[in-house]
Amino acid sequence: MLINNYCVVSVMSGTSLDGIDILYSKFSFDGKWNFKIIDFETISYSLEWKQKLKTLTQFSKTELNQIDSKYSEYLANQVLDFINSNSIENIDFIASHGHTALHNPGQGYTYQIGNRQIFADILKQKVICDFRVQDVGLGGQGAPLVPIGDKLLFGNYDFCINLGGFANISFEKNKRRIAFDICPVNIVLNHYVNHLGFDYDDKGKIAQSGTINFSLLEQMNDLSFYKQSAPKSLGLEWVKETVFPLIDSFNLETKDTLKTIVEHIAVQITKHIDIKQTEILITGGGAYNSFLIERIEALSKSKIIIPDNEIVEYKEALIFGLLGVLKDRNEVNCLKSVTGAKKDHSSGKIFNPKINV
């Protein structure tokens, strides 16, 4: 018999490398899904881990497997510290996204590190994780996975946009959920502001001080990905192979690069939301980039809504908790209309802790 209340610790690490988001929340079902966020924390990566995660595409399969094991152990210990420091006792399971190492669904693979049995063993808790692999095996993009949560938890908005490492969008069209990656955001902005010794461009102030290079802007907007039809998704490999070489070929000052890329992001986003007067929920680290938000508003007729900080920062972690709940109930948590898979399905792996560990 299905229960209708769940206490979940969920874990998310995004491509922008802001850190590990850990969230304790409660989900309840009374004809529709509701949630309550109780405790949350973002744990910054050490310089060693940040450098390693930046360069995952460069490791051999053997090296990547070793990193996967170490990262699974590291992640489990961070979650254990979170549970202990918040005196959390009632947990149905841990839901974890892991960290994307490789993602090329066109070639039939995606790989998230941090999804090993040791995770459950250290925590002595059931762990539901590795949500993308099954979808790719069914011919899907394995991304984005958040739209099921947008539909069930934030369905009152016309569009949901997350500005993380990449911008992704989710909306209803003809009674189907549609979603896709729009363009890179913090994965590019943070890369270039790092040249100045900063982790990120606070409120977009450095970008705002720059000058747009319209030749670079035109070439960025002309990238073939933007001509593809959904479903479609982006990965670090594409950025390294396509975006960075193009930007670097212009040899611009960092502030000019940042301003040009902010304009590029705003142009690409408003292509998809400038349909009518709509309400847009914007979350993710990019929501704090005031200059980027100003440019989106300037190019759009839509009303931009930025929620409380805990939703801005932890919405993706929250939704991966919901994905875990749906998997635990063997209910659909991955939509073919979003990923392009052969069918809707209940995705993810379940690890129970080994006895006497």
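**Close-up views of a predicted model**

**View 1. I304 and its neighbours.** Leaving aside residues up to four places away in sequence, I304 touches I280, I282, I293, I296 and E297 (contact means heavy atoms within 4.5 Å). You'll find I304 in strand β12, residues 303-305; helices (H or I, at least four residues) and strands (E, at least two) are DSSP runs, numbered from the N terminus. With a relative accessible area of 14%, I304 is buried (buried is under 20% relative accessible area, exposed over 50%, partly exposed in between, using a 1.4 Å probe and protein chains only). D158 sits 146 residues from I304 in sequence, yet their C-alphas are 11 Å apart in space.

This is a predicted model, where local features need pLDDT of at least 70, side-chain atom pairs count only at pLDDT 80 or more, and totals for chains, interfaces and linings use all residues. Residues are numbered from 1 along each chain as its sequence is written, and side-chain values use heavy atoms, with hydrogens and water left out.

**View 2. Helix α2, residues 61-85.** This helix has 25 residues and reaches 36 Å from first C-alpha to last, close to the expected 36 Å (1.5 Å times one less than its number of residues). Its buried residues include L64, I67, D68, Y71 and L75. Just after α2, S87 takes a positive phi of about 50°.

**View 3. Cysteines without a partner.** Searching the whole structure turns up zero disulfides (pairs of cysteine sulfur atoms within 2.5 Å). The sulfur of C7 has its closest cysteine sulfur 20 Å off, in C129, so that's too far for a bond. C160 is in no disulfide either, as the nearest cysteine sulfur, in C183, is 17 Å away. C7 is buried at 7% relative accessibility, and C160 is buried at 2%.
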